[in-house]
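Hello,

I am passing on the structure we talked about, and it is placed just below. Have a look at it first, and then read on for what turned up.

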Amino acid sequence: MSNTQDKVVIITGASSGIGETTAKELASKGAKLVLAARREDRLKKLQEEIQNNGGEAIYKVTDVTSHEQMEELAEYALKEFGKIDVMVNNAGLMPLSPLHEKKINEWDTMIDVNIKGVLYGIGAVLPSMRERKEGHIINVSSVAGHEVMSASAVYSGTKFAVRAISEGLRKEELGNNIRTTIISPGVVATDLPETISGSELKSAIDDFYKIAIEPNSIARAIAFAIEQPSDVGINEMIIRPTQQEL
Ligand code: NDP
């Protein structure tokens, strides 16, 4: 039996890109998936695909910016599967823009989804993990959580915050046998740049994304962190395209 077999894994942002691919990867290794995002049609399709391939998955429509909905998501996982082994806080968006453009709605959304969503995810699963003295929380940051570029001030701010929160969590919960992993992808071929509203910047980023790697590269890294023995924490990984300088 692999160390992934029968692990109950919640994934936020499972309706596309890295989250969707990670769900498929983990299902193929015997994990029981709890898929979360806002687009129900996509969650349902993914659930069916996993089941048709012999895997196990349930889903719950969830907006990570709602503390209540995140609590309900964790309760649903506990009700259906009896435990939560892994929480993958993956949902995020990247509407890049320079600060002087004052795209305040976009700043607020990034802070709500990329930071608060991760915090609510941690808060929702910690009580049951602390009780069992076992668990694993994986938070998706970014290379932009290590480096700041022009137009990435707010996005980078949110991704630096994810790393800070994850490191605090690691120190607080190591005594409870709860593992933490920060995943920092470089450019990955997903819909993420679609949230950029400025057309000039969007075309520059599209250019930058020409070297993007497939989301499965990130899914494999997440699977690697999960399948380690419980006394081994893979605390941080940066996964870039070989040709990415930044
Ligand atoms: P996608 O745009 O493909 O996926 C983003 C996911 O987030 C979607 O499933 C979306 O689902 C979900 N999401 C957005 N807002 C909410 C919300 N309020 N509540 C619940 N779910 C939400 O992009 P990626 O797969 O690339 O992004 C996944 C993560 O990887 C993000 O955190 C991103 O910052 C990070 N990342 C990606 C990189 C890349 O180059 N692609 C590089 C570095 C980091 P729905 O709309 O259905 O709710």
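Ala 151 sits in the loop between strand E5 (135-140) and H5. Although Ala 151 is not a glycine, its phi is positive, at about 80°.

Before going further, a note on the model: it is predicted, so local features need pLDDT of at least 70 and side-chain atom pairs count only at pLDDT 80 or more, while totals for chains, interfaces and linings use all residues. Residues are numbered from 1 along each chain as its sequence is written, and side-chain values use heavy atoms, with hydrogens and water left out. As for the labels, helices (H or I, at least four residues) and strands (E, at least two) are DSSP runs, numbered from the N terminus.

Asn 177 also has a positive phi without being a glycine, and here the value is near 65°. Asn 177 lies in the loop between H5 and strand E6 (178-185). Is Asn 177 buried or partly exposed? Asn 177 counts as partly exposed, because its relative accessibility is 34%.

Ala 151 comes up again with Ser 97, which touches Lys 103, Glu 106, Trp 107, Ala 151 and Leu 201, leaving out residues up to four places away in sequence (contact means heavy atoms within 4.5 Å). You will find Ser 97 in the loop between E4 and H4. Ser 97 counts as buried, because its relative accessibility is 6%. From Ser 97 to Ser 150 the sequence separation is 53 residues, and their C-alpha atoms are 8.2 Å apart.

Now for the strands. Strand E1 (residues 8-12) pairs with E4 in the parallel sense over 3 bridges (two strands pair if DSSP finds at least two bridges between them). In that pairing, Val 9 is opposite Val 86 in E4. E4 also pairs with E5, again in the parallel sense, over 4 bridges. There, Val 86 stands opposite His 136 in E5. Between E4 and E5 the chain passes through H4, and this β-α-β crossover is right-handed (with the strands pointing away from the viewer, the path from the first strand over the helix to the second runs clockwise).

Which way do the residues of strand E4 (residues 86-89) point? Val 86 and Val 88 point one way, Met 87 and Asn 89 point the other way, and all are buried. In a regular strand the side chains alternate between the two faces of the sheet.

Asn 139 belongs to strand E5. Asn 139 is buried, because its relative accessibility is 1%. Not counting residues up to four places away in sequence, Asn 139 touches several residues, among them Asn 89, Val 118, Ser 166 and Thr 181.

Strand E2 (residues 32-37) and strand E3 (residues 56-61) run parallel and are joined by 6 bridges. Leu 35 is opposite Tyr 59 in E3. Together, E2, helix H2 (residues 40-52) and E3 form a right-handed β-α-β unit. Ile 58 is in strand E3, and Ile 58 is buried because its relative accessible area is 12%. Its contacts beyond four places in sequence include Leu 33, Leu 35, Gln 47 and Tyr 76.

Next, Gln 228 is in the loop between helix H7 (216-227) and strand E7 (236-239). Gln 228 is buried, because its relative accessible area is 14%. Neighbours within four places in sequence aside, Gln 228 contacts Asn 3, Arg 179 and Ile 234. The C-alpha atoms of Gln 228 and Thr 4 are separated by 8.7 Å, although these residues are 224 residues apart along the chain.

Enjoy exploring it, and send me your questions.

Best wishes

Notes. Buried < 20%, exposed > 50% of the residue type's maximum accessible area, 1.4 Å probe, protein only.
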